[in-house]
Amino acid sequence: MDSYTLPYTFSQRAQQLTSSTIREILKVTERPEIISFAGGLPAPKGFPIDVMQAAFNRVLETKGETALQYGPTEGYAPLRAWVAEDLKRVGADVSPDEVLIVSGSQQALDMLGKLFIDPGSKVLVEAPSYLGALQSFSLFEPEYVAVPTDDGGLVPEGLTDERTAGARFIYVLPNFQNPTGLTLDLARRKALVERCAAAQVPIVEDDPYGDLRYAGEALPGLLGLGRAAGATVIRLGTFSKVLAPGLRLGYIVAPKPIIAKLVQIKQATDLHTASLTQMAVYETVKDGFLTTHMPMVRDLYKEQCGYMLEAMDEHFPTTVSWTRPEGGMFIWVTLPEHIDGSKLLARAIEQNVAFVPGAPFFAGSHPQTNTMRLSFVTVSEARIREGIAILGKLIKES
Ligand code: PMP
């Protein structure tokens, strides 16, 4: 049916929406015979089901009336205090008033779009960057400016005066980036925050994977480094990768005037994040549970990553290069220039293997089409080896 015959009119904002490539691919990958390296799902083996069940029970037994009642938009006070304290681990000194609890960091991205982006506003992003953030921001019609990256991630020298002038913010993933798996080293972190401080560009630091480091040394986050350098830093965190994504629980850390505006926005969006979930997660983490839980999750991811890297060394031709992540869930592959990731995907699906082609992760007009993202987290060792062997063969045939 043509749109003019429809008995309703979508907003221009809605009309420009398109379906996410990843969602379309995931539909295919639901078939059990497909070996899928496409998903970004955490490993269910890492979900502490018993511990969380006990926490939900305790909250309902002892604080049921509060847990089932409306709560403050800012979030459950003990959880905000826990987050502030926990951020000392990444070198930041934060007050609980600077913490706003949200329904997953994806909600934070939407709220930041509402807060900072007018149609045509300049937003700086890494090339490539997290597709879900690009989708959230795009609803507010920004003009993306891609900051160059190399095999060490974002290149701070790429933050030229021309690029930074008038930018509303820069969106950065410093640890085990989605999609590349790359981590910014300390020198780049410092150079980045200094340039942003000088250019007065707020930094949005999205760090869902920082706690999933299984090799190398932990580095201070942009929040602490940025504050010391006089930059404005807004940090997004989440319980999705350390406990479970179905909780839909995350947080934003920002200077108080920004939190105050975000509280108004969150009120209009969903009043507050589920009280029961916040209280049960606080109950779960308050006595140091994550210190004992995370090593198990890290070991699992390290092992899975190792299987995939080994299989790639064995089966991929020397014309292909890929990242070797020190944490997180993704490996980024650069194919010979003549191979288009989307076309390779079509042939891979015929052979029951799926991955995400790289092009959609590039905002703006110069996608690197000879790229793909592989996730190694939820696939068994045998299927990782089988799937990578098939991809290797397809690449060689191209
Ligand atoms: N940011 C990044 C970089 C992500 O990879 C994800 C999840 N895939 C999110 C944010 C959203 O996470 P959540 O809403 O579950 O906290």
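So, the domain: the UniProt record, an unreviewed entry, lists residues 48-389 as "Aminotransferase class I/classII large". Please keep in mind that what we have here is a predicted model.

Let's step back to the whole protein. It has 14 helices and 15 strands. Its radius of gyration is 21 Å, close to the 21 Å from the globule rule for 398 residues, so the protein is as compact as a globular protein of that length. Along the principal axes, the C-alpha atoms fill a box of roughly 60 × 55 × 50 Å. Of the 398 residues, 45% count as buried. And if you take contacts with a separation of 6 or more, 75% of them are between residues 24 or more positions apart.

Now to the ligand. Which residues come nearest to it? Out of 14 around it, those are Gly 104, Ser 105, Gln 106, Thr 238 and Ser 240. By class, the shell has nine polar residues, four nonpolar and one charged.

Two of those names take us to helix H5, which covers residues 105-116: both Ser 105 and Gln 106 are among its buried residues. H5 reaches 16 Å from first C-alpha to last, close to the 16 Å expected for its twelve residues. Is H5 mostly covered or mostly open? Mostly covered, with ten of the twelve residues buried, including Leu 109, Met 111 and Phe 116.

A few backbone details are worth a look on the screen. There is a cis peptide bond between Ala 127 and Pro 128, with omega about 5°, and Pro 128 lies in the loop from strand E3 to helix H6. Another cis peptide bond joins Asn 178 to Pro 179, with omega about 20°; this proline is in the loop between strand E7 and helix H8.

That E7 to H8 loop also holds Phe 176, whose phi is positive, near 45°, though the residue is not glycine. Phe 176 is buried, because 25 other C-beta atoms lie within 10 Å and the cut-off is 20 or more. Leu 271, in the loop between H10 and H11, also has a positive phi, about 65°. Why does Leu 271 count as exposed? Because it has 11 C-beta neighbours inside 10 Å, and exposed means 12 or fewer.

Last stop, Phe 10, in the segment before helix H1. Phe 10 is 45 residues from Ala 55 in sequence, and their C-alpha atoms are 43 Å apart.

Notes: Residues are numbered from 1 along each chain as its sequence is written. This is a predicted model: local features need pLDDT of at least 70, side-chain atom pairs count only at pLDDT 80 or more; totals for chains, interfaces and linings use all residues. UniProt positions are given in the numbering used here, feature names are shortened, and annotations may be inferred rather than shown by experiment. A residue is near a molecule or strand if its C-beta atom, placed from the backbone, lies within 6 Å of it. Ala, Val, Leu, Ile, Met, Phe, Trp, Tyr, Cys and Pro count as nonpolar, Asp, Glu, Lys and Arg as charged, and the others, Gly among them, as polar. Helices (H or I, at least four residues) and strands (E, at least two) are DSSP runs, numbered from the N terminus. The radius of gyration is taken over C-alpha atoms; the globule rule is 2.2 Å times the number of residues to the power 0.38. Two residues are in contact if their C-beta atoms, placed from the backbone, lie within 7 Å. The expected span of a helix is 1.5 Å times one less than its number of residues.
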